[in-house]
Amino acid sequence: MKSIEMVWKEMEKITRNAGKMLQNREESAKIHRKGDVDYVTEVDFHVQNVICEQLSERFPSIQFMGEEKDNSGLDFDGIVWILDPVDGTANLIHDTRMSAISLGLVKNREVLAGVIYQPYTDELFSAAKGKGAFLNGTQIHVSGVERLKGGLVAIGTSPYYHEYAEWVFEVSKNVFLSCQDIRRSGSAAMDLAYIAAGRMEGLFERVLQPWDFAAGKILIEEAGGKMTDLYGGKMNTVEKGGVLASNGRVHKELQSLMDLNIYYRQPNSSDAP
């Protein structure tokens, strides 16, 4: 593989160029149902296809994991792209202008580089291991907020897992009562990018997929923050699970509110965080 700096710059360029497709309202109106509340648009497919083709041309030996494809058979002990072509598809459908492309590069299950691009604001968040985190070329850092009562916390509702609804909203209430305020953007990738940029202090979500958080993980870590599972343990970067992210300073305080015994049905083992 080429040097991480060269790969990282190609990631930035490819992701930014694909971003204009998110603003195609005609294609975003072409909707396909994947589940009861799970949808995909033609934009999702087009962005994924374009990015996959361009990455394959430049880096033919690297495997590809995408939200809108069959990912069985991937060797995660090797090098793998992890792409969410549209993080915030429901937002895209409703034109709330809070959707992003999220692209991560993983080797031996560790994230080496990540890019999150929000085309509506033309904000490109990117990071590479040991190189720092950046927003449009300017280095960024997590906030210096020391206590949860002075921080904003993003909540994720895990909308495809209604069995966790009681847990989500009971914990959200406890977090709300402990922090300055809560936010629900509909894009975990953007929430993670905002934590890295010092705009918010935390995020929790009961179930996220690797393409939701891979790029955000390296962004937060390189910006000085922390990401763990809901128990405070090490994240499995290639499997779905619970995610707790913060500026690092409020992590233990936020983690103490993640009571996994509150009001939720016992999950299947495959859904456990």
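**Exercise 1.** Find which residue lies over the face of Tyr194, and at what distance from the ring centre.

Solution. Arg199 lies over the face of Tyr194, 4.8 Å from the ring centre. The criterion requires NZ of Lys or CZ of Arg within 6 Å of the ring centre and within 35 degrees of the ring normal. Another such case is Lys9, whose charged end sits over the ring of Trp8, 4.7 Å from its centre.

The model is predicted: local features need pLDDT of at least 70, side-chain atom pairs count only at pLDDT 80 or more, and totals for chains, interfaces and linings use all residues. Residues are numbered from 1 along each chain as its sequence is written, and side-chain values use heavy atoms, with hydrogens and water left out.

**Exercise 2.** Classify the aromatic pair of Trp8 and Phe134.

Solution. Step one: rings of Phe, Tyr and Trp (its six-membered ring) pair if their centres lie within 6.5 Å; planes under 30 degrees apart are stacked, over 60 edge-to-face, the rest tilted. Step two: the centres of Trp8 and Phe134 are 5.9 Å apart with 50° between the planes, so the pair is tilted. Step three: Trp8 is in helix α1 (residues 4-19) and Phe134 in strand β8 (residues 132-135), 126 residues apart. Helices (H or I, at least four residues) and strands (E, at least two) are DSSP runs, numbered from the N terminus.

**Exercise 3.** Decide whether Trp8 is buried or exposed.

Solution. Buried means under 20% relative accessible area, exposed over 50%, partly exposed in between (1.4 Å probe, protein chains only). Trp8 has 6%, so Trp8 is buried. Phe134, at 18%, also counts as buried.
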